[in-house]
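Let's take a friendly tour of a protein model. Have the sequence and the 3D view ready, and follow along.

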Amino acid sequence: HRLHAGGMGKPIQRELLERGHSVAVLPYDPARDAVVLIEQFRIGAYIGGDPAWLVEAVAGIVEPNETPEEGARREAIEEANCTITDLAFVGKHYVSPGGTSEHCHVFIGRCDSTGIGGVHGLADEGEDIRVFVVPFSEAKAMRETGRILAGPAVIAMLWLELQRDELRRRWC
């Protein structure tokens with residue numbers, strides 16, 4: 001690659017995990033001012049020394065020939081039995097650009113959280129996902145105290161904290 005000082009660098013070898021691109025959606029009910037969260041076992045957190053059960057936004061791999069928006073809606077049904085009616089785009093980020101080309105599209109998804117909860121996920125993928133609804137203020141406190149550690153959920157919550165009033169005006 002080209003060097004900042006000019007010229008070309010020496011050939012280097014790097015390992016790269018290529019698994020496709022991902023999408024995350026934080027379901028939000030503007031009428032109830034509530035957030036739908038999920039909790040599932042994460043081996044990376046476990047090996048990293050943190051609690052293995054992470055509180056997260058709904059997320060997954062974008063399937064071939066699927067848009068990130070379609071993936072967000074599909075994952076919300078699969079992981080949380082939650083129908084998303086509208087999406088607000090938060091942004092796109094590289095998950096870990098030093099070791100993977102994966103990027104993640106993050107959304108806030110409008111939903112009706114009435115009756116949402118329980119254990120969901122695809123059995124054939126080994127998913128055991130607890131779904132629960134909390135008031136926005138509680139979700140914010142969970143982010144502030146480190147109860148929410150997964151990057152896409154942190155990003156989505158920070159965006160929602162900044163844009164919540166506007167979303168409620170638009171979606172209520």
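Predicted model: local features only at pLDDT ≥ 70, side-chain atom pairs only at ≥ 80, totals over all residues.

Cys-104 is in no disulfide, and the nearest cysteine sulfur, that of Cys-82, is 17 Å away. Cys-104 counts as buried, because its relative accessibility is 2%.

Cys-111 is in no disulfide either, although here the sulfur of Cys-82 is 3.8 Å away. As a reminder, a disulfide is a covalent bond that joins the sulfur atoms of two cysteines.

Phe-41, Ile-43, Tyr-46, Ile-47 and Trp-53 make a nonpolar surface patch of about 580 Å². Which element gives the most to the nonpolar patch? Helix H1, residues 43-47, does, with three residues.

Trp-53 belongs to strand S3, which covers residues 53-56. With a relative accessible area of 40%, Trp-53 is partly exposed.

## Helix H2 and what follows

Helix H2 runs over residues 68-80 and has 13 residues. From its first C-alpha to its last, H2 reaches 17 Å, close to the 18 Å expected at 1.5 Å a residue.

Which residues of H2 are buried? They are Gly-71, Ala-72, Arg-74, Glu-75, Ala-76, Glu-79 and Ala-80. After H2 comes Asn-81, whose phi is positive, near 50 degrees.

Conventions. Residues numbered from 1 in each chain as written. Heavy atoms only, no water. Patch = residues over 30% accessible without salt bridge, like charges linked within 9 Å, V, L, I, M, F, W, Y side chains within 5 Å. Areas by Shrake-Rupley, 256 points an atom, 1.4 Å probe, with all protein chains shown as cover. Salt bridge = Lys/Arg side-chain N within 4 Å of Asp/Glu carboxyl O. Helix = DSSP H or I, 4+ residues; strand = E, 2+ residues; numbered from the N terminus. Buried < 20%, exposed > 50% of the residue type's maximum accessible area, 1.4 Å probe, protein only. Disulfide = S-S within 2.5 Å. Expected span 1.5 Å × (residues − 1).
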